[in-house]
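Good morning, everyone, and thanks for coming. I'd like to walk you through one protein today, so let me put it on the screen.

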Amino acid sequence: MRVPNSVVLPVGTHVDCCREDEVEEKRCDIMAKMAAMLAERKSNLAHFIHNLEGSEEPEFYMDQWERLKEMESCMLTILNLVAVNCTDHHDIKKLEAVILEHVKNEELFPEVVRVLPPIYRQVEAAIVGMAGSEELSEHG
């Protein structure tokens with residue numbers, strides 16, 4: 001919640017241990033709890049900011065006020081929970097597809113279309129080369 005404009009994809013596992021109606025009930029419960037948590041955070045931040053603004057000498061608390069305002073502007077996007085059976089290869093592939101779909105979403109991740117500097121490719125090539133080298137110890 002402290003990373004500006006972060007995106008969270010909740011993943012529910014062990015759906016093989018639940019009936020289908022239980023999975024949906026738990027999904028709704030988890031999403032409701034996360035929404036409540038975000039609302040409480042927003043309310044708490046507003047309360048702290050209001051208290052600092054109402055203090056007798058607010059100039060002494062300017063650093064705290066600025067930090068709280070910065071935290072207040074950090075938006076958190078929570079995507080719909082994905083329920084998977086980790087023992088089912090098809091479900092793992094479904095989760096992978098959902099992740100890739102979201103990562104390619106320019107509204108969620110506007111940086112996805114940014115061209116990386118050439119040095120990034122050089123570093124990646126060096127890492128791949130090192131990984132294939134016999135000089136690298138087994139433990140990495």
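This is a predicted model: local features need pLDDT of at least 70, side-chain atom pairs count only at pLDDT 80 or more; totals for chains, interfaces and linings use all residues.

Let's begin with the layout. The protein has 4 helices and 4 strands. If you follow the chain along the sequence, the elements come in the order β-β-α-α-β-β-α-α. Is the protein a compact globule, or more spread out than one? The radius of gyration is 22 Å, whereas the globule rule gives 14 Å for 140 residues, so the protein is more spread out than a compact globule. For the overall dimensions, picture a box of roughly 65 × 50 × 30 Å along the principal axes, filled by the C-alpha atoms.

What about burial? Buried residues account for 17% of the 140 residues in the protein. The accessible surface comes to about 11200 Å², and carbon and sulfur atoms hold 57% of that. As for contacts, take those with a separation of 6 or more: 67% of them join residues 24 or more positions apart.

Now to the inside. Which residues form the largest nonpolar core? There are 5 of them: Leu45, Ile49, Leu52, Leu68 and Met71. Helices H1 and H2 (62-73) each bring at least two residues to this core, and H1 gives the most, with 3 residues. Let me stay with Leu52 for a moment. Leaving aside residues up to four places away in sequence, Leu52 touches Pro58, Tyr61, Gln64, Trp65 and Leu68. Leu68, you'll remember, is also one of the core residues.

On to the charged pairs. How many salt bridges does the structure hold? The count is 7, and I've picked out a few to show you.

Let's look at Glu24 and Arg27. Their side chains meet in a salt bridge, at 3.1 Å from N to O. Both residues lie in helix H1 (residues 20-53), and they are 3 residues apart, about one turn of the helix.

Arg19, Asp21 and Glu22 are linked through salt bridges. Within that group, Glu22 pairs with Arg19, and their closest N and O atoms are 3.6 Å apart. Glu22 counts as partly exposed, at 24% relative accessibility.

Last, please turn to helix H4, residues 118-132. H4 has 15 residues and reaches 22 Å from its first C-alpha to its last, close to the 21 Å expected at 1.5 Å a residue. How many of its 15 residues are buried? The count is 0, so to speak a helix that is hardly covered.

That's my tour, and I'm happy to take questions.

Methods. Residues are numbered from 1 along each chain as its sequence is written. Side-chain values use heavy atoms; hydrogens and water are left out. The expected span of a helix is 1.5 Å times one less than its number of residues. Buried means under 20% relative accessible area, exposed over 50%, partly exposed in between (1.4 Å probe, protein chains only). A salt bridge is a side-chain nitrogen of Lys or Arg within 4 Å of a carboxyl oxygen of Asp or Glu. The radius of gyration is taken over C-alpha atoms; the globule rule is 2.2 Å times the number of residues to the power 0.38. Contact means heavy atoms within 4.5 Å. Accessible areas come from the Shrake-Rupley method with a 1.4 Å probe; for residues, only the protein chains shown count as cover. A nonpolar core is a set of buried Ala, Val, Leu, Ile, Met, Phe, Trp, Tyr and Cys residues joined through side-chain atoms within 4.5 Å.
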